[in-house]
Amino acid sequence: MARRKIIAGNWKMNMTPSEAVALIEKLKPLVATENADVVFCVPAIDIIPAVEAVKGTNIGIGAENMYFEEKGAYTGEISPAMLTDAGVKYVIIGHSERREYFAETDETVNKKVLKAFEHGLTPIICCGESLTQREQGITIDWIRQQIKIAFLNVTAEQAGKAVIAYEPIWAIGTGKVATTEQAQEVCAAIRACIAEIYDDATAAAIRIQYGGSVSAASAPELFAQADIDGGLVGGASLKEDFGAIVNWQ
Ligand code: PEP
């Protein structure tokens, strides 16, 4: 069975609650499609008004992060139950900006992935290499290690429902898109790694996005690749372009 595409916007630290509602109202008609899952991953404070604003549409709301404990003395953190109670369905885990600025590691990513599944949230698990790693020729080794640790103790059934976002760090917010060949090569390697850890059926079910300066212009060719099942979109998700990306065909 063909995998359904999933196109998610990552708003990052943009949009106040009132701006979020205005943007959703603007994008709603542009992203209405039956051909893909459409997700807006929004800042924590925007979640409640965003869930309200997308009621009755095809848009799912995601969080950009969450903590891996149930509750307690973790000032400033958001728990998985807080997200599900608010109507959140997806959560980005291990974005490279969180790894770089907030000391997230493969181990914390794994804890968060396990916790997300425990609560019925779909994790969008980010991986990606730096420019130095690409130039050193260690991209695939690096990504395989990130994937293997992220999926530690995750069952095959859970893994099949996960979303992985391959985001070369050098392509995020830089305007430099990976070539279609580079993106497809790594996404295929990720699928092969999932097949090794689990089995062919799980590898065939899991959805793998490409992220890194995706635009309305680059989306059609990227999304046509055999192992690319959609995109995680930063900058362009805040603009009308997101409508064109979602309707890439
Ligand atoms: C991202 O932050 O996940 C991302 C891919 O950003 P951009 O599209 O702006 O490169």
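# Reading helix packing and pockets

Analyst: H7 and H9 are oblique to each other. The model in which they sit is predicted.

User: At what angle do H7 and helix H9 pack, and how far apart are their axes?

Analyst: An angle under 35 degrees would count as roughly parallel, and one from 65 to 115 as roughly perpendicular. H7 and helix H9 (residues 180-197) pack at an angle of about 45 degrees, so the pair is oblique. Their axes are 10 Å apart, and the crossing of H7 and H9 is right-handed.

User: Which residues in H7 meet which in H9?

Analyst: On the H7 side they are Thr139, Ile140, Ile143, Arg144, Ile147 and Lys148. On the H9 side they are Glu185, Val186, Ala189, Ile190, Cys193, Ile194, Glu196 and Ile197. Sorted by class, the residues of this contact of H7 with H9 are 9 nonpolar, 1 polar and 4 charged.

User: How do helix H5 and helix H7 pack?

Analyst: Read the angle first, then the spacing. Helix H5 (residues 106-118) meets helix H7 (residues 139-150) at about 40 degrees, and the axes are 8 Å apart. That angle makes H5 oblique to H7. The crossing of H5 and H7 is right-handed. H5 brings Asp106, Glu107, Val109, Asn110 and Val113 to the contact, while H7 brings Gln145, Gln146, Ile149 and Ala150. This contact of H5 with H7 has 4 nonpolar, 3 polar and 2 charged residues.

User: Where does arginine 134 lie, and what does arginine 134 touch?

Analyst: Arginine 134 is part of helix H6 (residues 131-135). Leaving out residues up to four places away in sequence, arginine 134 touches Glu129, Thr139, Tyr166, Trp170, Gln182 and Val186. Distance in sequence and distance in space are read separately. Arginine 134 and arginine 144 are 10 residues apart in sequence, and their C-alpha atoms are 14 Å apart in space.

User: What is the volume of the largest pocket, and which residues lie nearest its centre?

Analyst: Rolling a probe the size of a water molecule over the atoms shows where empty space is left. Here the largest pocket has a volume of about 600 Å³. Its lining has 21 residues, and those nearest its centre are Met13, Glu64, Asn65, Arg98 and Phe102. Helix H4 (residues 96-101) gives the largest share of this lining, 3 residues. By class, the lining of the largest pocket has 12 nonpolar, 4 polar and 5 charged residues.

User: How many residues line the second largest pocket, and how do they divide into nonpolar, polar and charged?

Analyst: The second largest pocket holds about 190 Å³ of space and is lined by 18 residues. Ser213, Val214, Gly234, Gly235 and Ala236 lie nearest its centre. The lining of the second largest pocket divides into 5 nonpolar, 9 polar and 4 charged residues.

Conventions:
Residues are numbered from 1 along each chain as its sequence is written. This is a predicted model: local features need pLDDT of at least 70, side-chain atom pairs count only at pLDDT 80 or more; totals for chains, interfaces and linings use all residues. Side-chain values use heavy atoms; hydrogens and water are left out. Axes are lines fitted to C-alpha atoms, for helices over the stretch in contact, and angles run from 0 to 180 degrees between N-to-C directions. Helices (H or I, at least four residues) and strands (E, at least two) are DSSP runs, numbered from the N terminus. Angles under 35 degrees count as roughly parallel, over 145 as roughly antiparallel, 65 to 115 as roughly perpendicular and the rest as oblique. A crossing is left-handed if the near helix is turned anticlockwise from the far one by less than a right angle, and right-handed if clockwise. Contact means heavy atoms within 4.5 Å. Ala, Val, Leu, Ile, Met, Phe, Trp, Tyr, Cys and Pro count as nonpolar, Asp, Glu, Lys and Arg as charged, and the others, Gly among them, as polar. On a 1 Å grid over the protein atoms alone, a cavity is a set of points where a 1.4 Å probe fits but cannot get out, and a pocket is an open set with protein on both sides within 12 Å along at least five of seven lines; lining residues have an atom within 4 Å of a point. Grid points are joined across faces, edges and corners, and a volume is the space filled by probe spheres set on the points.
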